[in-house]
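Q: Please take me through the terms used for this model, setting each value against its definition.

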Amino acid sequence: MKFGALHLPLAWPLLACLAASSPVLAQQDPELEALRQEVRAMRQDYEARIADLEARLAAAEQSAAAGRAAPAPAATSQAGADYGYEEPPATSPQTVSVAPESLINTAIGVTFQGQAWAYDNDPEDYYIPGFPLGGEAGPAPEGLSLAETELTMSANVDDKFTAMLNVPLVIEDGETAVEIEEAWVETLGLPGGLAIRMGRFFSDIGYLNDRHFHSWDFADQPSPYQAFLGNQFLDDGLRLRWLAPTDFYLEISGEVLRGDRYPAGGAANSGVGATTLSATTGGDIGFSHSWQFGLSWLGADAEERASGSEDEPLLFSGDSDLYIADFTWKWAPDGNSRQRNFTFQAEYLWRDEAGAYALPDGSGGPWDSDQDGWYAQAVFQPFPRWRFGARIDQLSGDDPGAAWIGTPLYPSGSDPRRYSLMVDWSNSEFSRLRFQYTYDSAGDGAGDNAEWGTDNQFGLQYIFSIGAHGAHTF
Amino acid sequence: MRKTPMKKTTGILALLALFMLPLAASAQLRVFACEPEWSALAEAIGGDLVEAGSATHALQDPHYVEARPSLIAQVRKADLLICSGAQLEIGWLSMLLSKANNARVLPGKDGFLEASTLVRRLDVPDSVDRAQGDMHPQGNPHIQMNPHNIARVAGALGQRMAALDPANASGYAAGTADFLRRWEAAIATWEERARPLAGKRVISHHKSWVYLEDWLGLVEVGTLEPVPGIPPTAAHLSSLLAELGADGQGTNKPGAEFIIRAPFHSAKASEWLQERTGIPALALPMTIGGSERAKDLFSWFDDVIDSLLAARSEPRP
């Protein structure tokens, strides 16, 4: 959050400019809007009348044709010509109504999110022994709080490019901050199934990584995502994505990124500090089952990457490689997920880091350690509106050496594991209320870290969206 | 210092280049339809010249489909995409298009055909407020329930296929003319048979049937959904029951003679109302494959008309 955050006084003029240049707001001129409505009404009226006339003409022809003993060829080809139609010009608003983004030039949406959490222990003191958290990972604040409010705008730039902006408004230390979470431009229709994206975006790695907060199935990310990706890996750079022209689905994408964010850090290699590769495949089994499988790699160079306490961070410099395997299986009877559906998903993350850690007390030394983590979750919607979910997530790490005993980098005797249950209710696609319970054993058996111990966590969450709301990925 | 990521990247790029060599091109025009009626129409017009597939099937609600990997792969290879549009596929089609990297089928291109733009749309709202439910600003998207609309789409589809595959233009023109000749004749018999249905009042599960009602002169007096897209609630059903009365003849205003739903809508609500009012509840095919009998475009409408006629003549319990 630190890197991309613009503080409010600076950000509002920027947003105001964006809003003012948007044709949607320009439409609010009442006179102009009235005129538009009049024209629209006139067009609809004439369309209706013409269609009506055409229908009458067709009916008259039919009855005329029926009057003859056998339909003459001339009469039938006449009927065919009647239904031949003239293409509306490409600029007609009617030609673009499938893609909601294009109906009004800029699609604008806001997602409102809020939460309430109760913990046995103080979440301010939360940490997982051996896995100092970076990025935005960690428990939500205790009590009532606003989660991020996402403001989204997107539109096609022209016939060759499309662009999207996502700016969550977040509260940080009591102050409202505007973060640029996504701001990218992507090519439309390069040949050969290729697409290039540039700007800031969530990396394609893993299954959960590129999903926005509002589309998560649980109120928080599974622990391996928190520990290894700082919740979600996003960065500035370029992506090349290619879809194979095969009957089955095969997508390969590679990214070159700045490397300014956890698990990279410090924009190493003159600002090209992270590289990713991922491959995804998937398919259907009958009408009711579908699956997806992906493999990905994130290679990051870190220069003084901060993790752990924000005031006294641990600094890591070196190589960080992360490998992810993800699997998703979805079931919906006859493909009708609206009525009833079940989703199982699991990911395995393995991290290999070599370099050196500098601790706030001036100590530190060379670091070479393997860590891994996984989660598995199932979400069941037995009938419309209600979903029930369960999740297990776990982390485990190598013994990094006796030199690290007593530091936050030394893992606890038992692997930190959490069990979560959730239930949510959605009145429509645009509203959702959720309850989540998590049993967290992160600090269990942690020796001198035992002050955290185990924890019962209860969360309530709401997610509402207005305006344009893009389609979700599989 | 780094573990040669650049070398890895170069290798992958070389592999990509190899994959992108032109594959043995299929001679057929590949049509990706969002709904089965449009893939059937493409086949009816193009015959062996086309290879058509549908993203959804008749037992699926086309509003709510996942942007599945298999569908992305199909859009990637399509030459022509035809969908009902008017935001029916809003939840998934834009995702398929943005993931499929296929410039031929993007909106505005010859390979993109939105059927609802070709017909007179009903239920175009004056204002769009989600408090009124899942609104479609361009009007009701279920245009396929009026066979005259299908005829209009057939004309445009034939032209598009000819434009995309000019070598076979005469084949598409002949296919269109032949289909329209048979279709117009069928429409005339359906309209003749359906004459007794004019003026009959129906309750529908979702506003899926406005084009059928408009065509046959049926009158919709209510929906089981309280607002479009929100599943039936007990409170709303009770108020419907109060309006219809125990005999289904209506208390203050006229009752109804049919309760109709699509095969993918839950039968619970309509059967609940049928039990209490005696009004027959029907699942009508909204597309090909929606009933045992609806095997092609023609038998589909045969079945719709016959089912309504049969339900009408059944004696009330």
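A: Helices (H or I, at least four residues) and strands (E, at least two) are DSSP runs, and they are numbered from the N terminus. This is a predicted model, in which local features need pLDDT of at least 70 and side-chain atom pairs count only at pLDDT 80 or more, while totals for chains, interfaces and linings use all residues. Residues are numbered from 1 along each chain as its sequence is written, and chains are lettered from A and ligands numbered from 1 in the order in which they are written.

Q: Where does Pro263(A) lie, and what kind of peptide bond joins Tyr262(A) to Pro263(A)?
A: Pro263(A) belongs to the loop that runs between β10 (249-257) and α7 (268-271) of chain A. The bond that joins Tyr262(A) and Pro263(A) is a cis peptide bond, with omega at about 10°. As a rule, most residues other than glycine have a negative phi, and most peptide bonds are trans.

Q: How many helices and strands does each chain have?
A: In chain A there are seven helices and 19 strands, whereas the secondary structure of chain B comes to 10 helices and eight strands.

Q: Why is Met153(A) called buried?
A: A residue is buried if 20 or more other C-beta atoms lie within 10 Å of its own, exposed if 12 or fewer do, and partly exposed in between, with the C-beta atoms placed from the backbone. Met153(A), which is found in strand β4 (residues 149-156) of chain A, has 22 other C-beta atoms within 10 Å, and therefore it is buried.

Q: Which residues is Met153(A) in contact with, leaving aside its neighbours within four places in sequence?
A: Two residues are in contact if their C-beta atoms, placed from the backbone, lie within 7 Å. On that basis, and with those neighbours left aside, Met153(A) is in contact with Thr106(A), Ala107(A), Ile108(A) and Leu165(A). The C-alpha atoms of Met153(A) and Gln113(A), which are 40 residues apart along the chain, are separated by 18 Å.

Q: Is Ser270(A) buried or exposed, and what is its phi?
A: Ser270(A), found in helix α7 of chain A, has 7 other C-beta atoms within 10 Å, and therefore it is exposed. Its phi is near 55°, a positive value in a residue other than glycine.

Q: What makes Asn101(B) count as buried?
A: Asn101(B) has 24 C-beta neighbours inside 10 Å, and that is why it counts as buried. This residue lies in the loop between α4 (93-100) and β4 (112-114) of chain B, and its phi is positive, about 50°, although it is not a glycine.

Q: How many residues of helix α3 of chain B are buried?
A: Eight of the nine residues of α3 (residues 69-77) of chain B are buried, and the helix is mostly covered. The buried residues include Leu71(B), Ile72(B) and Val75(B). For whole chains, buried residues make up 38% of the 474 residues in chain A and 55% of the 317 residues in chain B.

Q: Why is α8(B) called roughly parallel to α9(B)?
A: Axes are lines fitted to C-alpha atoms, for helices over the stretch in contact, and angles run from 0 to 180 degrees between N-to-C directions. Helix α8 (residues 234-244) of chain B and helix α9 (residues 268-277) of chain B pack at an angle of about 30°, with their axes 11 Å apart. That makes α8(B) roughly parallel to α9(B), because angles under 35 degrees count as roughly parallel, over 145 as roughly antiparallel, 65 to 115 as roughly perpendicular and the rest as oblique.

Q: Which residues make the contact of α8(B) with α9(B)?
A: The contact is made by Leu237(B), Leu240(B), Leu241(B) and Leu244(B) of α8(B), together with Ala269(B), Trp272(B), Leu273(B), Arg276(B) and Thr277(B) of α9(B). These residues divide into seven nonpolar, one polar and one charged, where Ala, Val, Leu, Ile, Met, Phe, Trp, Tyr, Cys and Pro count as nonpolar, Asp, Glu, Lys and Arg as charged, and the others, Gly among them, as polar.
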